[in-house]
Amino acid sequence: MSRFASICGLFAFSATVRSAIVLLAIVHPAAAAAAEPITLKVALYPSVPMPRDLFAELEGAFEGKHPGINVELVDTQHFNDDYYSGALLDTEADVYEVDTILLTDMIAAGKVQALDLPRNDYFADSIAAVTRNGKTYAVPHWLCGNLLFYRKADGWIGQAKSWDELIAAFLEHGRHLAVDFEGHSTLGEWYLTLLSNKLGLEEAEKRVLKSHGLDDEVVAEMRKILEACLPGTCRSRDLHDRTGYYSRAFVRGEVGAYVGYSESLHYGLQEALEDCRLDSCLSESDIAVRALPVAGNASEHGLGWVDGLAIDNHVSAAKLQAAKDFIAFLTSDDAYSLILEPEEGEAPRYLMPALPVTIEHAAMYPSLQVALEGRSTGTEAGLNARLRETSETLDCVLAAADKAAEAACEHP
């Protein structure tokens with residue numbers, strides 16, 4: 001057989017194979033699609049310690065187990081800066097990490113679909129936070145809520161049952177409290193926290209949504225809390241914008257205690273590792289944590305939030321299983337251990353998982369879990385937007401020098 005004949009035979013055979021592949025793709029389109037790499041676009045909650053490093057660790061581990069999937073992070077300034085003021089709702093992604101104060105709005109907008117939980121050991125409170133009308137719309141990932149961090153030696157802080165008792169004790173002991181009373185989301189959360197202490201969360205939500213006036217007792221309580229602050233610290237936009245400032249001030253001994261989310265502790269502990277002289281800052285073993293006072297309404301355990309992982313309502317069939325696999329991975333023991341076990345020279349991130357985990361080199365997790373348990377979360381549609389509007393009036397009132405100025409805030 002001539003060389004030409006061999007080549008022609010090869011071309012004929014190749015053509016036959018190509019025809020068979022085309023026919024296979026027509027008859028079995030799923031098989032052809034399986035060969036195509038999948039890009040999964042994910043919009044994770046941006047306000048966590050070292051967010052890009054955290055994502056890179058998760059991306060590498062997940063893609064190593066799923067070589068046909070490329071995970072791409074939504075990392076725009078708009079999304080990161082305006083998450084609560086519309087960015088989450090107008091972002092297009094396959095997977096969203098949703099603060100549950102926004103979940104009802106996301107459902108109403110047709111953004112996310114109902115789903116099944118990939119495991120059965122999420123905390124009951126976190127499941128309630130992602131459930132609407134009997135359907136689950138997100139997989140619980142992180143627990144969030146304000147906590148009070150203080151020195152273990154200051155047992156009187158742990159014993160106070162009300163804000164009045166706590167602030168009186170601070171003043172008596174000559175100590176200062178660091179708390180952030182700046183920013184739309186922050187002030188709105190504080191207002192709902194103190195109002196729900198008084199009325200219960202369900203009634204507090206109704207009051208916020210229906211009323212355009214501030215509750216005088218809540219405003220008075222916020223002013224009382226400010227009495228325990230160092231002048232110029234708790235109502236400072238500059239310090240509000242310095243992520244982790246209050247935690248670092250606490251660890252350096254500039255204040256006797258501070259209020260913040262669990263992950264805020266990371267910044268203070270990292271300060272102690274990197275920038276403090278030996279024994280000049282608090283160490284992890286010096287620190288205690290408790291829930292905020294809720295006296296006045298014994299049925300309340302405090303206000304909390306859950307960051308849940310949701311799937312876009314219009315995700316393609318080819319991406320749906322990839323999205324489920326990614327969410328299952330993010331709430332797996334392996335993923336939690338990967339990002340929460342600190343490496344040498346790093347402080348724990350202290351993000352709080354929505355299920356029981358054991359993190360070997362982060363001793364405060366059991367205490368954090370106790371301090372966060374039993375929290376309720378706001379679920380009403382429009383609550384986030386209304387709280388942000390309320391915070392503008394509240395910000396003005398707290399800055400007002402007299403009653404006339406206060407009245408001008410509420411009736412401009």
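**Close-up views of a predicted model**

**View 1. The β8-β9 pair.** Strands β8 and β9 (residues 257-260) run parallel and pair over two bridges. Pairing requires that DSSP finds at least two bridges between two strands. Strands (E, at least two residues) and helices (H or I, at least four) are DSSP runs, numbered from the N terminus. Ala178 has Tyr258 in β9 as its bridge partner. The model is predicted: local features need pLDDT of at least 70, side-chain atom pairs count only at pLDDT 80 or more, and totals for chains, interfaces and linings use all residues. Residues are numbered from 1 along each chain as its sequence is written, and side-chain values use heavy atoms, without hydrogens and water.

**View 2. The four-stranded sheet.** The strand order is β8-β9-β7-β10 in an open sheet with mixed pairing. At the edges lie β8 (177-178) and β10 (287-291), each pairing on one side only.

**View 3. The β1-β2 pair.** β1 (residues 38-43) and β2 (residues 69-73) are parallel, joined over five bridges. The chain passes from β1 through helix α3 (residues 51-65) to β2 in a right-handed β-α-β crossover. Right-handed means that, with the strands pointing away from the viewer, the path from the first strand over the helix to the second runs clockwise. Thr39 sits opposite Asn70 in β2.

**View 4. Thr193 in helix α10.** Thr193 lies in α10 (residues 184-199). Thr193 is buried at 9% relative accessible area (buried: under 20%, exposed: over 50%, partly exposed: in between; 1.4 Å probe, protein chains only). Leaving out residues up to four places away in sequence, Thr193 touches Leu292 and Leu303 (contact: heavy atoms within 4.5 Å).
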